[in-house]
Amino acid sequence: MTNSNQDVLILGGGVIGLSCALFLLKQGRSVRILEKNTVGGATSHGNCGTITPSHALPLAAPGMIAKALKYMTQADAPFYVKPSTDLALLEWLLRFSLRCNARDMHQAALAKAALLNGSRALLQETVDEYRLECAFSASGVMYAFNSRQGLDDMLLELPLLRECAVRSEVLSAQELAQREPALKPGMAGGVFFPDDAHFRPDAYCAELARAVRGLGGVIDEHCEVLALQCLAGKIQAVQTSKGDYVAEDVVMAMAVWSSALAKSIELNLPIQPGKGYSITYNKPDIMPRTPLVLSERSVCVTAWPDGYRLGSTMEFSGFDDKLNAKRLAALERGAHEYLHEPFGDEVKERWFGWRPMTYDDLPIIGRSPKHENLFLATGHGMLGMSMSAITGKLIAELITGQTPCVDVKPFSPGRF
């Protein structure tokens, strides 16, 4: 048996696991991360790196079911559900559909906003405190619309976002053209969210790992978690490809892979893999001044000093590990509709990742209802980067017995 000298074992070395480790170390706890591959190498790697309080509204919203049914016939649609007989997915979709109403949307938005707004400030503090070199920029995010209908639909969402303390600025077509010359003429207008930000996600994870190690944290890479040994409502040991580890507390931060491990100890975490795609290029000559959301096509555009990325889409196709050429091409077609230079002339990487999606679009943060020393930090959907810092702080507060800085009841693992 491999005995761990650390107080806390963190299962998963993505941005959530790294953030939990950092805040636990700040509280004086010793930490060991167990990561199957390399830190930040899975879901955390190839996303667009936007930090978005503007994304407070949940995916489950009125009208989404009709939109999803329309998209079922379009394999390159922004939101696509592959026809399936998988009972877990079908149950997930049913529960998701039941939440597509105004009341549940309102409650979920307020809960998400509490995390997103708190995490936005905490992320910048973390970058500054540990001097994380990750191309962080508090530049805001611009939503661009090429149709009046698209803009009008967004304007209907702004009152709820204001209630969520998310500031916005509505721009006319002329104002948008002046603010963002990378866009083609003929746009209908835009909405700017000044409190959003962005960074390079792979660099942020690498720098977080550096900070964790600098504070004395241990990271075991290429260490696959195989099983949990439970006795009398406690995790007694974690079985891995490198032997067994023991610790006083365990944090499960394994993104989409949390569900299967939890099921093995009779814990229900209804998480489905929502597949997202991105393409990274060298920089085009005409660069957007801020990250862009090309709204009708649901394409995100992010530029850093050393790169340029198109990303997004939501595909429910299980753990299909193929790069879908149609969906990658849809990113480029969408960018062509809006941008003078939609991408650079050299592709650096084509990527996909599985986002851990819950049917209520809220993360799972808190103590296991069945295991007194197991804590969950998963199910962050498309907002793992945005919610990472506050999740780490909340887990540290829960483990050390402090009053959480945000009400964690909406995110309780016991709600399912």
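**Stop one: helices around H1**

H7 covers residues 201–214, and its axis comes within 9 Å of that of H1, crossing at roughly 30°. Axes here are lines fitted to C-alpha atoms, for helices over the stretch in contact, and angles run from 0 to 180 degrees between N-to-C directions. The H1–H7 crossing is left-handed. A crossing is left-handed if the near helix is turned anticlockwise from the far one by less than a right angle, and right-handed if clockwise.

Before moving on, note that this is a predicted model, where local features need pLDDT of at least 70, side-chain atom pairs count only at pLDDT 80 or more, and totals for chains, interfaces and linings use all residues. Residues are numbered from 1 along each chain as its sequence is written, and side-chain values use heavy atoms, with hydrogens and water left out. Helices (H or I, at least four residues) and strands (E, at least two) are DSSP runs, numbered from the N terminus.

The crossing of H1 and H10 is right-handed.

**Stop two: a three-strand sheet**

Now select E10, E11 and E12. They form an open sheet in that order, with antiparallel pairing. Two strands pair if DSSP finds at least two bridges between them. E10 and E12 stand at the edges with a single partner strand each, so one side of each has no neighbour in the sheet. On average, neighbouring strands of this sheet are turned by 25° against each other, direction ignored.

Zoom in on E10 (residues 225–231) and E11 (residues 234–240): six bridges join them. Find valine 225, which stands opposite threonine 240 in E11. What lies between E10 and E11? Two residues do, and the pair forms a hairpin. Click alanine 232 in the turn: its phi is positive, about 55°.

Next, go from E11 to E12 (residues 243–245). Three bridges join these antiparallel strands. Threonine 240 stands opposite glycine 243 in E12. E11 and E12 also form a hairpin, with two residues between them.

**Stop three: a six-strand sheet**

Select E9, E2, E1, E13, E20 and E19. In that order they make an open sheet with mixed pairing. Its edge strands are E9 (218–220) and E19 (364–367), each pairing on one side only. Neighbouring strands of this sheet are turned by 15° against each other on average, direction ignored.

Glycine 366 stands opposite leucine 376 in E20.

**Stop four: the second largest pocket**

Select Ala88, Ser259, Leu269, Ile271 and Gln272. Of the 26 residues lining the second largest pocket, these lie nearest its centre. The elements giving two or more residues to this lining are H3 (87–98), H8 (258–263) and E14 (271–281). Which element gives the largest share of the lining? H3 does, with five residues. Colour the lining by type: 15 residues are nonpolar, six polar and five charged.

Technical notes
1 Å grid on protein atoms, 1.4 Å probe; cavity = no way out; pocket = protein on both sides within 12 Å on 5 of 7 lines; lining within 4 Å. Nonpolar A, V, L, I, M, F, W, Y, C, P; charged D, E, K, R; others polar.
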